[in-house]
Structures are given as structure tokens and as C-alpha cells.
Protein chains: 2
Amino acid sequence: SAATLISYYGVAHGCTRKLGMKICGFLQKNNNVEDKSRIVRFFNEQQPRSILTRDNERDPRFRRTETDFSNLYARDLLPAKNGEEYTMQFLLEVVDILTNYVRKTFDRSTKVLDFHHPHQLLEGMEGFNLELCDQPESLEQILVDCRDTLKYGVRTGHPRFFNQLSSGLDIIGLAGEWLTSTANTNMFTYEIAPVFVLMEQLTLKKMREIIGWPNGEGDGIFSPGGAISNMYSVMVARYKHYPEVKIKGMAAAPRLVLFTSEHSHYSIKKASAVLGFGTENLILLRTDERGRVIPADLEAKVIDAKQKGFVPVFVNATAGSTVYGAFDPINEIADICEKYNMWLHVDGAWGGGLLMSRKHRHKLNGIERANSVTWNPHKMMGVPLQCSAILVREKGLLQGCNSMCAGYLFQPDKQYDVTYDTGDKAIQCGRHVDIFKFWLMWKSKVCVHIHEIRTSAFDNVLLMNESNAEHKNHPQHTNVCFWYIPPNLRLLPDGEEKRQRLHRVAPKIKAMMMECGTTMVGYQPQGDKVNFFRMVVSNPAVTRSDIDFLIDEIERLGQDL
Amino acid sequence: SAATLISYYGVAHGCTRKLGMKICGFLQKNNNVEDKSRIVRFFNEQQPRSILTRDNERDPRFRRTETDFSNLYARDLLPAKNGEEYTMQFLLEVVDILTNYVRKTFDRSTKVLDFHHPHQLLEGMEGFNLELCDQPESLEQILVDCRDTLKYGVRTGHPRFFNQLSSGLDIIGLAGEWLTSTANTNMFTYEIAPVFVLMEQLTLKKMREIIGWPNGEGDGIFSPGGAISNMYSVMVARYKHYPEVKIKGMAAAPRLVLFTSEHSHYSIKKASAVLGFGTENLILLRTDERGRVIPADLEAKVIDAKQKGFVPVFVNATAGSTVYGAFDPINEIADICEKYNMWLHVDGAWGGGLLMSRKHRHKLNGIERANSVTWNPHKMMGVPLQCSAILVREKGLLQGCNSMCAGYLFQPDKQYDVTYDTGDKAIQCGRHVDIFKFWLMWKSKVCVHIHEIRTSAFDNVLLMNESNAEHKNHPQHTNVCFWYIPPNLRLLPDGEEKRQRLHRVAPKIKAMMMECGTTMVGYQPQGDKVNFFRMVVSNPAVTRSDIDFLIDEIERLGQDL
């Protein structure tokens, strides 16, 4: 077996290094065939016997009364008179569907997804019609819709889902989200979210302590995702340097320029467009072979911009880049920011979680010198989507930048300390409660969680790495980037034809992989590199054998290309 | 009993009209005292007998095995080996806490909130400590934390919660949110959210049909709240008129001005600051006595701006203002927008739900002429937080305005039709699944839901209105704005002293109301009007007697002021 997996773990090595088959040692073809037939058998057994599948395996304790939902409708539930009993039965039936899904998510004999093309789902699957109807459906059909929605979705918590930086299904976090939905409140005021507002403040303070800001002082807010958190950083930087822009608009400032790595997340570019800087005023920085910003390139470009009469105002350093998992050298970038009076933002959406690891936090050395930090607990820390924080070192800027003092929400004459009404710091008005699940996870385990991830993710990646004798670079994060070169391509001489054919390999394998539904991994081109796979490990449920499974699937699907 | 409630239902009548006590006819003081002692008794009975309350009333079918969670930790749950049983037991225990909360939410003998000041909660309540610990808590403590988080929160679904535009606890929506949390995926690609992406597209199309755009053509996206939806409208308007701003920044455009009502939501002002227009380039329009924009004022201000050399580019018309519930005259505003080539946005965050009502949709006449519409199903339609849509008449603008074509997400060489990868339209990268709960509610009842609201909300408001013989104006929406004038103030002559004292009445009553926890209603000043109450009815659980209860509470608490 001579499959060639070319790996560069976030390192631009070209197509020269071989990973060898050692890493696939645990997987034999026969096992795989067995797996496959087990999956087919499993799915056949899952065919509903009635419109609402009654699962024979179900633990009898979980049985609810056999309520007939076919003649019940939403109008029969609370607040309807006598709706309580039906409401409880209905919710328990939903929970039954959900807990079955949770069980299957962790079960490797289930598929990661059951792929259908958009037109197939739109045409309607048996008993499952996405179209909005004109007549209310019965609760029985609503339950079927719930079951089918999960059936045709993607199990992002499955141990063989490597497709995104966010993966896994944390049980405590899940419980937290269920509670959050039930509380159904809004973060804008202490008045209607007293407990959640305080949890947010305490958690943000803890995060700032971990960043290393003295006494955890500073400010911050949870926002709907890392892109918005990064946008906050640019807004606050602008407000710090040109507060008059809030009132007078960008016309009040000179031509401002921003800097970020060519490997940084595209949200920095989005922010430059949204906020009125313009994408051409975002200057991309060159990176080394491992995807890290070259500080000298930053300084050269700052000097160049100043010579053109532009004003350098903001630098983004990435801690854990999206594709390579690269960590920019924060301290060297901070030196340049201080020298030229620029705001330093650290986008630690992906890598921020390593701050909680004694072994790995050195990768973010210098983060305490940042003016702002993005940190998404919904990525490496496994918190359910969404949970993203923007943290700001200087207090008052978020409020100054965004406050509009709406009289109907932020009354100054309330009976409690209104500094706890944090809503006016946000660009949102209503804000979803993203804090509770994170707070609850922290309470339950956060001190050990990163350790778990380290052993299951980093150690796996390290093992994979060590099995490649030629490869001595340690990975920076749990991203693993590699090409699979099918046998037919191996004999081709290097050159444009090989490049073009290699470029088509990953999309073809991914397409087959999704049809099979056995595993999922992402791919992309980057710079002058043709399409390559990016495997990411962030789910604590992933074991060495799951990674082996992925590699074997790639080989199985790609060997005849 | 001659309590004077001065009402203006969104109408600036001054302090002349009396509502009379007829509307309080169903409430006697004695009932109220009984209510109060029943509540006290109830809460006393709720004192935990052990750290985890075992509720005697609990239906025996809901009993789970008596798992001892005191020696179990998060690490014992899935993906731990043999973690499945503990996981199921833990989740069922959580569900038990949640379903009890749901029951109590609809139970008028429970309080709306159990108020504590920030310092009290921060100091820690018995058994409930918000501080993040260094050691993992047992699952028993985690369950206690869940229960206490709900205990010290606000029951926004309680029939006596009138504090916010979003209220109620819809059971189908709740089930939808629980499922969404369990699916834990992300809206950016069809790849990992096939079903949800299609549900979003179908639902947005239906909403556009209801707006009245031909064949439901156009574009849209669900965003994290109405403020962000409104921000999208300004961004897209800018892109339509000055697409070069995306690349070159605001410097590429002349001085642009925006128009909105002085009664409009503050998010329009936030957007003008965030996007680099500057708040001074947002021009506020005068309103009539019912809070509706005066179109002649718009045209005069447009002409004035043009004479100064500014470029009018965007007009926001509000359909259902935040405080008064006012509807701007869309058709007349649309005429002016067409005449001067300005983008017309309709902020129907609050009033959009009336589009689904035959009786009330005339209030939004002309909305089909808008270029974009904000519509928050999480308000009048009772969908759990958050669920807000921005709808755009012209296809392609959202994509053109925001797309950055990130290679790692939006690969053009996928096997499916990548036009279903809608993530690049958004300013977010990851995007929470806000669609499912709404889709499920629509399936289950949406055709009748607004009718329910109309009978329970509008009819109540109309009844309240009709009982005021002097008041002939129909309310525009379910906002009811009024002063309570305590007996001591009634004898004072009109003038500054009376104004100042009246200004302090609502905050004082609200403070006492929150301490009592029996009901909640908002207040605010507006323009030259001193603090007044704004009662909002959007929860279908509200009955006439709940409104009476609120009025009576206000009188009870305020009579000695």
C-alpha cells in the first residue's frame, strides 16, 4: 500500500513530504467494508414502521404515555385551558427525539450525514415537506418534522466530523442551551436578565485575567460570532483614535489603513468594507512558510503607508489561523504597534482556547499587550454555537463608541445600579443569551477541559506527525493540512498539468465522501497552493482511530482518480 | 375610586383624558390581597427540602431513576465510556427542571420575578454562587445551578410580563430551539446545514410574498436582531448607490444623509455611526400627535440637504414604533423616495407581524414599494429570541455588498449547487440557526396565530380603549402608553412642578413593582413628555384580567406617592 498523503501541517512545504501509511495502520479494508454494511443495515432498520417511529431499543423508563398527537394541534398546548398535560407530553416526546439523536451522534456506526441535493430536499422526502403550508399541521406531523429535520442534517458532534473549527456536542453546553431557550430573555438590561448579565460580567473578567490584563480590568461583550467580534475591534480602534467619526462620519478622519495577515480570517476584510474604510485600505501582510506574519513586512508597509500620507491605525494579529492554525508573533507585532501608535487586535477566535493550557499558551505570548482580543469559546472550547467574546483592554471605549442612550431601555432613574445595563455597548439592541452554556460548562469542568482536548486533539495530531519520519515540524494548532495524491498522479512530472489535476482531487473525494456520509473534512486552495484538505480536531470525542478512519476513507475514495 | 390614568395610546394628548376605573372593574382589592398571600404561601412551600428540590406535585410518569449526581461529573457524560446512561439521566433531570419552569410560567399564582440587586446576587444566594470556580462542580450542583438560574431570572413568558415587545413562551418555538441547540450547526453553508438553509430560503420567500413583492422574488437573510437587520438595510442602500465604497471606503462617496423619524428605533442611529456616515448625517423627521412621520417634513428636509450639497440616500419608515406603536405613512414616503431617488427601508421589526392579519395589514400599505424591510418574528409573532429577517427587493445586492469569497468555506467546485451557500451574504461568518423554530411554528399554526394575537391583544387593547368614553382614537398597535397620576398630584395645577413630580412617579412605581415581582411594565420619557408607562401586549397568554391586574397594581403601588 503506497498511498501518498502529502502533509504540511500548516507549513508550505510543497509536494515533497510523504506521510506514509503508518498512520493508517489501524484500519483495514475489511473493517471498512464491515463498517459500511453495518451502516447500511442500521439505516434499513431505521425505516419507520409507523409515521412516528417507535424505537424498540428505547429504555422503558423513557416511555411516556401513548398520547395520540394526530388530533392535537399547537392550539391545544399552553396557554390553552387544560393545555398543561398535552404540553408536557409533547415536550417529552420532543426530548425523546433529541436524546435519541444525542445517542446516535456519539455512535460510530451511524453516518455523519445522509446527503441530498437541494432539489431533492425541496421536492420533498417521504413524509417530510419543507414547504410552508396554509393549514396547521397536527402535533404528530410536527414531531415527524423534528425527527426528519435531524435525519437530513449533519451530525456536527459525530467523532468523524472534521469539517469545521466548531465541532462536538457538549452535554453540559447542550443542557445550558436548552435552559437558555426556556428562559427566552434578552441581554440588553439587568432588569430582564439579571443572572445572565452578571454571569457575562464575571466570565469576561475571568477571560481578561487569563489574557493577562491587570486584575482582569477592561471591558467586553459576547457577540454573535467571531466576525462581529472582529468588527467590534476595528470600530473601537477607530473610536479611540478618531472619536469624532461617530458623529461626523469617516469624512472627519484622514485616510486610515488597517493591516492583517494574508492568512487571516476574511471577517477583517468584511469589517473594512462594512465600517466604511474600504477593502483597499486593508493591507495584507506576507507570511512565512508556516503561515505566520513576517513582522518586518508589517513595519515596511506601515512606513510605506505613512509616506503616502495614509494613517496606519489598526493591526490584526491572528492567534490560530483558519486554515493553517498559525500563530502570528504577537510580541514583535506589539513592538511595531507601540512604535507607530496603532491599535493591536488579536484574533484568537480559534486559538484563544489555548490560553487555558499551560503547555500551549506560550503560542499567544504577548497577548496581554493587545488592545482587544476576539476569543470564541464555541470553537476550541467546545461550547455550543454561538459563543464569541470581544475583550477590550481599556474600559469605557465600547460604551463610548456605541452608546445611543435609548430612553425606553436604558432609563437612568431605575432602582438598581444601571451600570449593569450593558446593552448600550453593543451594536445590537436585543442580544441572545450566549453566556449561560459557557458559564455552566466552566462550572462543570473548564479546568480540565482543555487538558482533555490537548490529549485527544494535540496528541493525536502529534502522533500523526511523528509517524511521518520525514516531518519534524510540530503543528501549531490542531489543523492538519495535506494533499492526497492518487496513484495515477504520482507518476506525473511536477508541473502545471499535475497541479491542475491535483487541484481537482480534493473536491472529487469530498463529493464522494458526502454521498457516502461516513466522514467529513474540508478543503480549499490557499495562495498558490491547489486544493488541499484541512482536517481539524476540536471535538473531544475524536480518537486516534477516527483520524485513521478519515485517512483511510480518503484513500479508498481517491485511489482511482 | 377616582384613580386617574391618563392614556394616549400612542397619541400626544397631553394630560387631559381620563381612562376612568371601568377598566379596573374586574379587580377588587381583596382579590389582590388574596393573590399576594397565595404567592407568598407558594414561595414558602417552594423552599428546597434537600439541595435538589423534589417536587411533590410532580407527575409520577416524569420520575426518572433516582440517580445520585453528587459523585458524578461532566467527565462521566458522553463521550465518556459508558457515559450514555448518565447522559440520558442528566438530560432528563434538566428537562424536568425546565418543564417545571414552563408550567410555572403559565401559572398566575407565581411571581414574574424574584428581584435581587446586583450586589446581592454577586454576594451569592444560598447554594447559588455565580463566581467561576477552580474545581469542577458535581452534576448535582450543576442541576442546582440550573434551577437557581431560572429562580432568580425573569419569566418573560408570564401572562403578567408587559415589559418588552418580545414576550410569551411559545411551546412549539421552544421545542424548535431545543432541537436547534441539539443540532448545533451553522448557517454559512448548505454543506453543514442543508435542511436549515432550505427552510430559510422558503420562509424568506413566503415573507416576501406577504410583503407583496412579485412572486416573492428578492433576497434576504436572518440576522441577530432588528438592529443588525436595520444596519443591513443602510449597508445595502449604500452599496446600491455607491458600490465603490466597499473597496474605497466612504471617501469615495459625497456627503450622504439618511432620514428617519424622531420616534424610530435607535438602531438607525447606531447604524449611521457604525457604518461611517456619522450620526449628524442622520436627519430626524418630525411626527404628528400619534407619532407618525409627517411626509412634508421629509420632503422639506430632503430639499434642504440637497441645497447644502449633501446627497439624500436612505429613508427609514417605521411600521410599529417602539414606544407608541406608530405606523409611518409608507405610500406617501415612498412617493418622496421615488421622486428623489432614495432607498426606502421599512423597519417593521415590531409591526411586520400585522402583515399576516387581514384586518390590520392596511397599516403597512405601501410596504411593497420598499427596497428593504426588517421584520422580527420574535416580536409580535411570538417566536423565541432571536429571529429577525432583513428582506431586500433587489436580488444580488446582499451578496454584492458583503461577499468576500473565502476559499475555505465557499469553494466554487463543490458537488452541489453552491448558490445555496448563503453565508457570504452575511456580515457574520458563523451564523446561528434562527430559522427552525419559526419554520416549525409556521407549520404548526401560523395561519391562525396572528388571529389569536388579534383577539387576545388587540381586542383587549380595544376594550381598554372603549371603556374610556372620552377616547375615540383606535390604537395603532398593542402599545398602550399612559401616565398614572397619584391622588396627591391630581390637585396640583398644571406646570413645571407637576411635570417634575409626575416624571418621578413611573420609576418609583416600577421599582416597587419589581420588588413585589407581581408584574412588569416599562416606562420612559419621550420628547417633551415626562416618564410614562408603556404597556405592550404580544403574549397570547395575556387575558383581559391580566391587563386589569397590571392597572390595579399600578394604582395600589402608586396611590400614596
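Cys387(A) is buried in this predicted model, with a relative accessible area of 0%. Cys481(A) is likewise buried, and its relative accessible area is also 0%. A disulfide is a covalent bond between the sulfur atoms of two cysteines. Over all chains, the number of disulfides comes to 0.

Chain A has 561 residues, of which 68% count as buried. Its secondary structure consists of 16 helices and 12 strands. How much of the contact in chain A joins residues at least 24 apart, when residues at least 6 apart in sequence are considered? The share of such contacts is 74%.

The next topic is the contact of chain A with chain B. Chain B contributes 154 residues to it, and chain A contributes 153 residues. The size of an interface is often given as the accessible area lost when the parts come together. Between chain B and chain A, the buried area is about 13800 Å², and carbon and sulfur atoms give 67% of that area.

Polar and charged pairs also span this interface. There are 57 residue pairs in polar contact between chain B and chain A, counting pairs with both residues at pLDDT 80 or more. Helix α2 of chain B, residues 84-105, gives the most to the side of chain B that touches chain A, namely 15 residues. That side of chain B divides into 87 nonpolar, 40 polar and 27 charged residues. The salt bridges between chain B and chain A number 10. One pair that forms a salt bridge across the two chains is Lys270(A) and Asp424(B), whose closest N and O atoms are 3.3 Å apart. A network of salt bridges also links residues of both chains: Glu191(A), Lys414(A) and Asp421(A) are joined in it with Lys510(B).

Over all chains, the count of salt bridges is 61. Several of them lie within a single chain. In chain A, Lys301(A) and Asp297(A) form a salt bridge in which the closest N and O atoms are 2.8 Å apart. Where do these two residues stand relative to one another in helix α10 of chain A? Because Lys301(A) and Asp297(A) are 4 residues apart in this helix, residues 295-307, about one helical turn separates them. Lys301(A) is partly exposed, at a relative accessible area of 23%, whereas Asp297(A) is buried, at 10%.

Chain B contains a salt bridge between Lys301(B) and Asp297(B), with an N to O distance of 2.8 Å. Both residues belong to helix α10 of chain B, residues 295-307, where they are 4 residues apart, about one turn of the helix. Lys301(B) counts as partly exposed at 23% relative accessibility, and Asp297(B) counts as buried at 10%. A further salt bridge in chain B pairs Lys498(B) with Asp494(B), the closest N and O atoms being 3.3 Å apart. Is the lysine of this pair, Lys498(B), buried or exposed? Lys498(B) counts as buried, with a relative accessibility of 14%. Asp494(B), in contrast, is exposed, with a relative accessible area of 67%.

Most residues other than glycine have a negative phi, and most peptide bonds are trans. Asn215(A) is not a glycine, yet it has a positive phi of about 60°. Asn215(A) is located in the loop of chain A between α6 (194-211) and β3 (219-223), and it is exposed, with a relative accessible area of 61%. In chain B, Asn341(B) is a residue other than glycine with a positive phi, near 55°. The loop between α11 (330-339) and β7 (343-348) of chain B holds Asn341(B), which counts as exposed at 54% relative accessibility.

Two peptide bonds of chain B are cis. Leu78(B) and Pro79(B) are joined by a cis peptide bond with omega of about 10°. Pro79(B) lies in the loop between α1 (29-45) and α2 of chain B. Leu385(B) and Gln386(B) are likewise joined by a cis peptide bond, with omega of about -10°. In which loop of chain B does Gln386(B) lie? Gln386(B) lies in the loop between β8 (372-375) and β9 (388-392).

Definitions and conventions. Residues are numbered from 1 along each chain as its sequence is written. Chains are lettered from A and ligands numbered from 1 in the order in which they are written. This is a predicted model: local features need pLDDT of at least 70, side-chain atom pairs count only at pLDDT 80 or more; totals for chains, interfaces and linings use all residues. Side-chain values use heavy atoms; hydrogens and water are left out. Contact means heavy atoms within 4.5 Å. Buried area is the accessible area (1.4 Å probe) that two parts lose on being put together, summed over both. A salt bridge is a side-chain nitrogen of Lys or Arg within 4 Å of a carboxyl oxygen of Asp or Glu. A polar contact is a pair of N or O atoms within 3.5 Å; within protein, one must be able to donate a hydrogen and the other to accept it, and residues adjacent in sequence count only if both atoms are side-chain atoms. Ala, Val, Leu, Ile, Met, Phe, Trp, Tyr, Cys and Pro count as nonpolar, Asp, Glu, Lys and Arg as charged, and the others, Gly among them, as polar. A disulfide is a pair of cysteine sulfur atoms within 2.5 Å. Buried means under 20% relative accessible area, exposed over 50%, partly exposed in between (1.4 Å probe, protein chains only).
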